Amino acid sequence: MNFKEKLNKENLPSHIAIIMDGNGRWAKGIGKLRIFGHKNGVSAVREAMEGCVEIGVKHLTLYAFSSENWNRPKLEVKALMELLVNTLTKETATFMKNGIRLNTIGKITDLPTHCQAKLKDTIALTANNSKCVLTLALSYGSRTEIVDATKSIIQQVQDGTLKIEDISEQTISNNLSTADLPDPDLMIRTSGEQRISNYLLYQMAYTEFCFLDIMWPEFKREHLFEAIYNYQHRERRFGKTSEQL
Ligand code: IPE
Ligand code: IPE
Ligand code: MG
């Protein structure tokens, strides 16, 4: 089926969040090292980005490295950091051609300084692009993000710029690193795992989940279109009854 043709342009997810999982298993499955899987995941990133731009999805957030991923073998971490820098260099043309603006969430200051510099440069270079915001979650952990938001809110109360009685759900949203992004409408995870691994916990209260039984290097834009097609055939009730919608 051609899912792209069947999509309802009036009901596109405004924000898609992806957990790019399964690189290591994909590589091991063909007798290669895990890092070979990460390298082959880059084409899938391009598929996801270009797929979003092709149909008009405005926000794409990719989980690229979690705060827990620092506990992986040193060599793998180092290879992932190098891959990040090389990918940013190689994909700058893709960003410019497609009008993609780069953004990040997570503890960027944890990254090696040359990665930070590359990110900063690419963010500046793409700052005026307006078709799609690509957010990379790097050294990202949602619980830490919530702790940091809590600290910031308490600070504002102590400074007298915020009253306790004025703290709302919106206050929390505004103090998360995703303050400028809408909540994800759709979350896609590859690799068959059905968990969210400390990703956007607060933001995904009403997100629709799609778990795919393929590994990330196998991901193509058609998978994205199919996931959106399925999303469009769900009923998002937000607590109401079907009859009320
Ligand atoms: C996702 O693939 C990439 C990162 C987490 C950086 P994995 O490396 O988690 O691959 P699997 O899940 O072990 O197969
Ligand atoms: C989640 O994948 C993080 C990223 C995709 C960057 P993991 O492979 O680290 O998650 P777990 O450990 O299987 O939950
Ligand atoms: Mg994994």
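**Entry: Thr 122**

I looked up Thr 122 to start. Thr 122 is buried, with a relative accessible area of 2%. I am working from a predicted model, so each value here is computed from that model. Thr 122 lies in helix α5, which runs over residues 113-125. Next I asked which residues Thr 122 touches, leaving aside those up to four places away in sequence. I found Leu 88, Thr 92, Phe 95 and Leu 102.

**Entry: ligand 1**

I turned to ligand 1 and listed its surroundings. On one stretch of numbering I noted Met 20, Asp 21, Gly 22, Asn 23, Gly 24 and Arg 25 among the residues around ligand 1. Arg 34, His 38, Ala 64, Asn 69, Arg 72 and Leu 80 also surround the ligand.

Then I looked for polar atoms facing the oxygen atoms of ligand 1. A polar side-chain atom of Asp 21 lies 2.7 Å from an oxygen atom of ligand 1. Gly 24 uses its backbone: an N or O atom there lies 2.9 Å from an oxygen atom of the ligand. For Asn 23, a polar backbone atom is 3.2 Å from an oxygen atom of ligand 1. How much of the accessible area of ligand 1 does the protein cover? I noted 88% of the 370 Å² that the ligand has on its own.

**Entry: Arg 25 and its two partners**

The side chains of Asp 21 and Arg 25 meet in a salt bridge, at 3.3 Å from N to O. Asp 21 counts as buried, at 15% relative accessibility, because the cut-off for buried is under 20%. Arg 25 is partly exposed, with a relative accessible area of 36%.

Arg 25 has a salt bridge with Glu 193 too, at 2.9 Å from N to O. Glu 193 is partly exposed, with a relative accessible area of 21%.

**Entry: Arg 46 and Glu 91**

I went on to another charged pair. Side chains of opposite charge can pair when their charged atoms come close. The side chains of Arg 46 and Glu 91 meet in a salt bridge of 2.9 Å, N to O. This pair links distant parts of the chain: Arg 46 sits in helix α3 (residues 34-55) and Glu 91 in helix α4 (residues 74-98), 45 residues apart. Glu 91 is buried, with a relative accessible area of 6%.

I also noted a network. Salt bridges that share partners join Lys 4, Glu 47, Glu 50, Glu 54, Lys 97 and Arg 221. For the whole model, the count comes to 17 salt bridges.

**Entry: strands β5 and β6**

Strand β5 covers residues 186-189, and β5 and β6 pair in the parallel sense over 4 bridges. I picked out one bridge: the partner of Arg 189 in β6 is Phe 211. Strand β6 spans residues 208-211. Which residues form the covered face of β6, and which the uncovered one? Glu 208 and Cys 210 are on the covered face, with Phe 209 and Phe 211 on the uncovered one.

**Entry: two serines in the loop**

Ser 191 has a positive phi of about 90° although it is not a glycine. Ser 191 counts as buried, at 8% relative accessibility. Ser 197 has its place in the loop between β5 and β6 too. Phi of Ser 197 is near 45°, a positive value in a residue other than glycine. Ser 197 is partly exposed, with a relative accessible area of 30%.

**Entry: Ser 168**

I ended at Ser 168. Its place is in the loop between α6 (142-159) and α7 (169-174). At 34% relative accessibility, Ser 168 counts as partly exposed. A polar atom of the Ser 168 side chain lies 3.2 Å from the backbone nitrogen of Gln 170. I also took a distance to Asn 103, which is 65 residues away along the chain. The C-alpha atoms of Ser 168 and Asn 103 are separated by 26 Å.

Definitions and conventions
Residues are numbered from 1 along each chain as its sequence is written. Chains are lettered from A and ligands numbered from 1 in the order in which they are written. This is a predicted model: local features need pLDDT of at least 70, side-chain atom pairs count only at pLDDT 80 or more; totals for chains, interfaces and linings use all residues. Side-chain values use heavy atoms; hydrogens and water are left out. Buried means under 20% relative accessible area, exposed over 50%, partly exposed in between (1.4 Å probe, protein chains only). Two strands pair if DSSP finds at least two bridges between them. Contact means heavy atoms within 4.5 Å. A residue is near a molecule or strand if one of its heavy atoms lies within 4 Å of it. A polar contact is a pair of N or O atoms within 3.5 Å; within protein, one must be able to donate a hydrogen and the other to accept it, and residues adjacent in sequence count only if both atoms are side-chain atoms. Accessible areas come from the Shrake-Rupley method with a 1.4 Å probe; for residues, only the protein chains shown count as cover. A salt bridge is a side-chain nitrogen of Lys or Arg within 4 Å of a carboxyl oxygen of Asp or Glu.
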